[in-house]
Amino acid sequence: MAKNLLIVESPAKAKTIEKILGSEFEVKSCYGHIRDLEKDDMGIDVNNQYTPRYTVPDDKQKVVKELKQLAKKSDEVWLASDEDREGESISWHLAEVLGLDPKNTKRIVFHEITAPAIKKAVASPRRIDMNLVDAQQARRVLDRLVGFELSPVLWRKIGMQRSLSAGRVQSVAVRLIVEREREINNFIAESSYKVEAFFTSKDINNKNVTFKAEGPSKIAVQQDAQAFLESCKGASYTVADIQVKPAKRTPAAPFTTSTLQQEASRKLGYGVSKTMLLAQKLYESGYITYMRTDSINLSDTALEDIRNEISNSYGKQYYQPRKYKNKNESAQEAHEAIRPTYMSNKTVDDADTKKLYELIWRRTIACQMSDAEFEKTIAKINISTNKEQLTATGEVLKFDGFLKVYLEGKDEDEEEENEGMLPPLNVGQAVSLKEMTATEKFTRPASRYTEASLVKKLEELGIGRPSTYAPTISTIIKRNYVEKRDKEGVKRNVNLLTLKSDHSIEKSIFSENTGAEKAKLFPTDLGMVVTDFLKLHFQKVMDFSFTAQIEQEFDEIAGGKLRWNHMIDGFYKPFHNNIEHTLETAERAKGERELGIDAASGKRVIARMGRYGPMVQIGEATDEDKPRFAKLKANQSIETITMEEAMDLFKLPRNLGVFEGEEVTVNIGRFGPYAAHAKKFYSLNKDMDPYTVELEEVAPMIEEKRKAKDERTIKFFEKEKIQLLKGPYGPYIKQGLRNYKLTKEQQEKAADLTIEEVKAIMEEIKANPPKKTARKKAK
């Protein structure tokens with residue numbers, strides 16, 4: 001038996017560390033958190049300084065029992081959970097549950113899982129930092145108070161399922177997405193004209209090459225654009241001025257959690273959760289430093305390792321030492337940026353993590369490499385027939401520097417600098433015009449958020465911390481407040497005017513695709529209704545600066561400058577009063593929008609949230625005739641649906657015609673779109689739209705589904721409507737929506753069972769239903 005028990009969070013990390021420390025240490029995993037707040041009565045005593053009541057969940061009882069037994073047999077227990085506040089909290093919970101004294105228990109932290117780092121940590125243990133524990137406890141308690149008190153308000157005032165929830169960070173994240181969507185919906189594109197001239201000149205090899213020069217700043221209307229082209233007819237073009245300026249580009253800082261998530265999204269197409277999952281795997285395998293950090297600091301050892309790698313692989317001229325400093329004062333400089341543990345490892349063998357590791361390696365080595373050096377040329381070209389000038393810009397890379405290994409990606413809203421090379425030009429030189437164009441350009445709204453650009457915005461606003469970004473995004477998607485999806489673009493006509501070399505002006509129209517989106521975050525109607533309700537009644541909770549202030553107060557608790565329960569008290573009392581006031585006075589939120597009047601009935605048509613989601617309603621509940629309802633399509637929204645689109649929803653059920661002597665109708669039911677034929681129902685295939693599908697498509701589908709059902713059917717007792725069917729686990733009985741499991745012996749003779757035997761089996765199962773497996777309590 002090893003003398004020392006060292007407890008870490010994950011089994012993968014335990015294996016790596018045990019190899020390093022040898023037989024003196026037994027390294028075990030606690031599999032993350034071992035305690036959480038009780039579910040009953042919030043798990044918080046609000047009348048006793050917000051004292052939390054913790055419990056060990058059922059799924060952690062076995063782990064805790066094993067750790068207790070090992071702790072008793074060991075001479076000393078070491079706690080080595082992650083170095084952030086959550087990790088410190090886990091160490092404290094372990095000490096509490098295992099009966100260890102937090103004041104004497106050895107606590108070690110490390111930024112990387114390498115032999116030097118682990119041995120150094122063991123050589124210099126510290127105690128559990130209760131300030132960090134209190135900061136994490138404050139976050140957990142505050143979020144529980146907000147969630148437990150605010151969610152029931154949503155159930156009462158909005159309805160839907162009890163799945164509705166509100167959270168301190170998730171609610172402001174949804175607000176950002178909702179406000180961006182409304183900004184896009186309300187945006188009106190304005191057009192202007194961009195003038196570009198294409199010239200020919202000799203290059204260094206005396207060959208004619210084409211280069212581009214831009215005209216005056218955007219011209220507002222087509223008439224002015226045409227007038228400008230008319231004024232250039234018959235003109236000669238002369239180079240009036242040439243400026244050559246040196247330019248440089250500097251590498252980006254090494255990765256933090258946020259910038260890694262952003263760059264992995266831009267370059268690899270990874271979602272935030274996938275990036276963190278792969279990064280954790282790399283960390284636990286000893287390949288990179290700790291992946292939840294907001295620091296851009298690099299240790300002296302790491303800087304020396306990077307210097308050697310650059311000098312050996314690229315040459316000393318590519319090395320330029322840099323010290324990066326965080327703008328964010330709350331960033332912990334003792335922590336490090338995300339970097340490889342050894343720069344000599346340029347890649348990893350694991351196929352899943354290979355791309356992410358190589359991205360981290362390139363970013364890390366680039367941050368200590370020389371600036372990229374350019375020569376930028378700006379040529380001004382006079383037009384003989386008017387007083388305007390054209391501007392040609394070119395760029396030549398003189399020294400690649402860090403660009404040899406890495407170029408940072410850009411978001412959609414950032415303008416891409418795309419300057420080509422210019423041929424040799426001299427002042428006074430005449431250049432030949434091939435053609436000049438005036439192209440209609442349209443202003444664009446801000447792009448919808450990707451997961452990564454939302455993280456960037458949250459970080460800019462000071463909302464959340466590295467450990468909270470991925471769970472926040474997962475939660476708002478899971479709760480159906482936000483959808484991650486693609487959007488098809490729409491065609492738009494663009495006007496083009498072209499001044500040809502023969503002095504004629506040609507008008508043409510071409511089409512472009514606009515508004516296409518890929519893997520973007522869209523608010524659902526539910527997300528919009530909940531956001532509006534919370535903004536109206538809980539302004540403080542939904543305020544960006546207030547949410548950021550809460551984060552700063554957590555930082556103060558972590559620094560020992562603020563007592564955690566005092567901070568909670570300052571928030572909770574006014575918040576609780578607001579909850580009670582809202583429950584008493586607030587009206588039920590429906591997100592209602594009037595669309596018009598139904599011509600046939602003269603009744604009001606509205607789009608609103610219903611019990612099962614967004615819908616359109618004709619008439620009122622108070623009318624003599626019951627109102628009619630129709631569910632919105634997946635790509636429709638209460639905020640944007642038109643009257644015409646709404647009335648189209650009432651075209652169901654549709655009669656498609658006759659098949660095998662019986663009518664076929666399509667409709668949408670509780671379980672989605674279906675076809676009805678000969679008193680039987682068939683779910684429509686996913687690619688079939690009930691509003692547009694035709695008989696020619698549905699009839700073959702019915703035949704196919706009938707055939708598949710026949711192949712599954714062993715026996716059908718028509719009078720009793722009882723079926724004996726083949727299933728993935730063997731034959732079973734089905735009546736209506738209920739299934740009855742057969743024993744192995746009954747399955748073997750299923751084809752010979754009589755109706756009397758089948759009924760007896762069903763009665764036996766009803767009398768003695770099988771015991772359901774108890775569900776594990778949620779963490």
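## Salt bridges

Across the whole structure, a search finds 53 salt bridges, each being a side-chain nitrogen of Lys or Arg within 4 Å of a carboxyl oxygen of Asp or Glu. Please keep in mind that this is a predicted model, where local features need pLDDT of at least 70, side-chain atom pairs count only at pLDDT 80 or more, and totals for chains, interfaces and linings use all residues. Residues are numbered from 1 along each chain as its sequence is written, and side-chain values use heavy atoms, with hydrogens and water left out.

Let us visit a few of these pairs. Glu336 and Arg339 join their side chains in a salt bridge of 2.8 Å, N to O. Glu336 is buried at 7% relative accessibility, and Arg339 is buried at 5% (buried means under 20% relative accessible area, exposed over 50%, partly exposed in between, with a 1.4 Å probe and protein chains only). Elsewhere, salt bridges with shared partners connect Lys13, Asp82, Asp84 and Arg292 into one network.

Lys233 and Glu230 form a salt bridge too, at 3.1 Å, N to O. Lys233 is partly exposed, with 34% relative accessibility, and Glu230 is partly exposed, with a relative accessible area of 34%.

## A link between distant parts

Which residue does Lys248 meet in a salt bridge? Its partner is Asp371, at 3.5 Å, N to O. This pair links distant parts of the chain, 123 residues apart: Lys248 sits in strand 11 (residues 237-249), and Asp371 in the loop between helix 11 (354-366) and strand 12 (372-383). Helices (H or I, at least four residues) and strands (E, at least two) are DSSP runs, numbered from the N terminus. Lys248 is exposed, with a relative accessible area of 60%, whereas Asp371 is buried at 10% relative accessibility.

## Two packed helices

Two packed helices are described by the angle between their axes and the distance between the axes. For helix 5 (residues 130-157) and helix 15 (residues 544-558), the axes come within 7 Å and cross at roughly 150 degrees. Here axes are lines fitted to C-alpha atoms, for helices over the stretch in contact, and angles run from 0 to 180 degrees between N-to-C directions. The two helices are therefore roughly antiparallel to each other (angles over 145 degrees count as such).

Helix 5 brings residues including Leu132, Ala135 and Arg139 to the contact, and helix 15 brings residues including Glu551 and Phe554; contact means heavy atoms within 4.5 Å. The residues of this contact divide into 8 nonpolar, 1 polar and 3 charged. In this grouping, Ala, Val, Leu, Ile, Met, Phe, Trp, Tyr, Cys and Pro count as nonpolar, Asp, Glu, Lys and Arg as charged, and the others, Gly among them, as polar.

Arg139 of helix 5 is buried, with a relative accessible area of 10%. Leaving aside neighbours within four places in sequence, Arg139 is in contact with Arg168, Arg465, Thr468, Glu551 and Phe554.

## Nonpolar cores

A nonpolar core is a set of buried Ala, Val, Leu, Ile, Met, Phe, Trp, Tyr and Cys residues joined through side-chain atoms within 4.5 Å. The largest one has 153 residues, and Leu6 and Leu356 have the most contacts inside it. Helix 5 supplies the largest share of this core, 11 residues.

Not counting residues up to four places away in sequence, Leu356 touches Leu260, Ala264, Leu268, Tyr270, Thr275, Leu278, Ala279 and Leu282.

Technical notes:
Parallel < 35°, antiparallel > 145°, perpendicular 65-115°, else oblique.
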